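These are my notebook entries on a few features that I looked up, one after another.

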Amino acid sequence: MSGSATFPHCLRAEWIKIRTMRSTGFVILGTLAFCVGLASLNGTSAGGDYANMTAADRAAFDPLATSLRGYLLAQIALGLLGGLVITSEYGARTIVSALTAVPHRARVAAAKAAVLIAVALPVGLLVSLGGFLVGQAALAGADAPHLGLSDPAALRGIWGGGLYLTLAALFGLAIGTLIRSTTATVTTLFGTMLIVQAFAPALPGAVGDRVEKYWPPIAGGQIITGYRDPALLPPWSGLAVMAGCVAVLLTVAFTVFRKRDA
């Protein structure tokens, strides 16, 4: 039976697994609701404050980032979903039967990544598009600067935001494969994606500057910004840094997955 388990069979099995996990629906709906709600709040608040801003603050005002700020939580949520794709099987010990049925571990790992991308990319795009539309509507209602869908920065932010969140999901898959624990995966996601970002400005001198510029989640997050900070990487270059980091981690994780006992 194991010899007949082709890659399409693995894809179908992984699709059934991710579709039937109760956490999948909660993560998707919760992330979408939170990000759209936050975009509305941010747009209303920033729009109301715009009239009282100084000239310098107005020059740095970023309507795109204002509406897409929810990516900070969305990256954790989709990273957790990516981690659960593998850690849930280790927790329930179904990974043993899965690898018995399909001993080609590379095939299993590739199927997990492919199905995760198929779920995370449309969800990431929907989160970015929903946040953008609601946030820009709130800014327009407050007579603050805002963008339309035809604006090049808007398209870059929406598509780039979807790609970034897909990378966050794959990052979670890589971490989950290496750690094999849901709790430890969540802790690692919070540490790497939020805590380092929060404390990077407090790091001394050149260390802080390097972290703010090259730390992958910070660099990748530039894709949803409209204001160009010369001290940070350009949007697509930053996303490339994030993609490179994820590619390396996935390579290491899948190598370990192939060699380590279940």
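I began with tyrosine 71 and tyrosine 164, and I noted that in this predicted model both of them are buried. Searching the whole structure for aromatic pairs, I found two.

Next I looked for charges over rings. I found the charged end of arginine 58 over the ring of tyrosine 50, at 4.6 Å from its centre, and the charged end of arginine 105 over the ring of phenylalanine 257, at 5.8 Å from its centre.

I turned to phi, remembering that most residues other than glycine have a negative value. Arginine 93, in the loop between α5 and α6 (94-101), has a positive phi near 65°; I put this residue down as partly exposed because its relative accessibility is 41%. Aspartate 143, in the loop between α7 and α8, also has a positive phi, of about 60°, although it is not a glycine. With a relative accessible area of 71%, aspartate 143 is exposed.

My last entry concerns the surface, where Leu129, Leu133 and Leu149 form a nonpolar patch with about 230 Å² of accessible area together. I located leucine 149 in the loop between α7 (105-141) and α8 (152-179), and I recorded leucine 149 as partly exposed because its relative accessibility is 42%.

Technical notes: Residues numbered from 1 in each chain as written. Predicted model: local features only at pLDDT ≥ 70, side-chain atom pairs only at ≥ 80, totals over all residues. Heavy atoms only, no water. Patch = residues over 30% accessible without salt bridge, like charges linked within 9 Å, V, L, I, M, F, W, Y side chains within 5 Å. Areas by Shrake-Rupley, 256 points an atom, 1.4 Å probe, with all protein chains shown as cover. Salt bridge = Lys/Arg side-chain N within 4 Å of Asp/Glu carboxyl O. Helix = DSSP H or I, 4+ residues; strand = E, 2+ residues; numbered from the N terminus. Buried < 20%, exposed > 50% of the residue type's maximum accessible area, 1.4 Å probe, protein only. Phe/Tyr/Trp six-rings, centres within 6.5 Å; stacked < 30°, edge-to-face > 60°. Lys NZ or Arg CZ within 6 Å of the ring centre and 35° of its normal.
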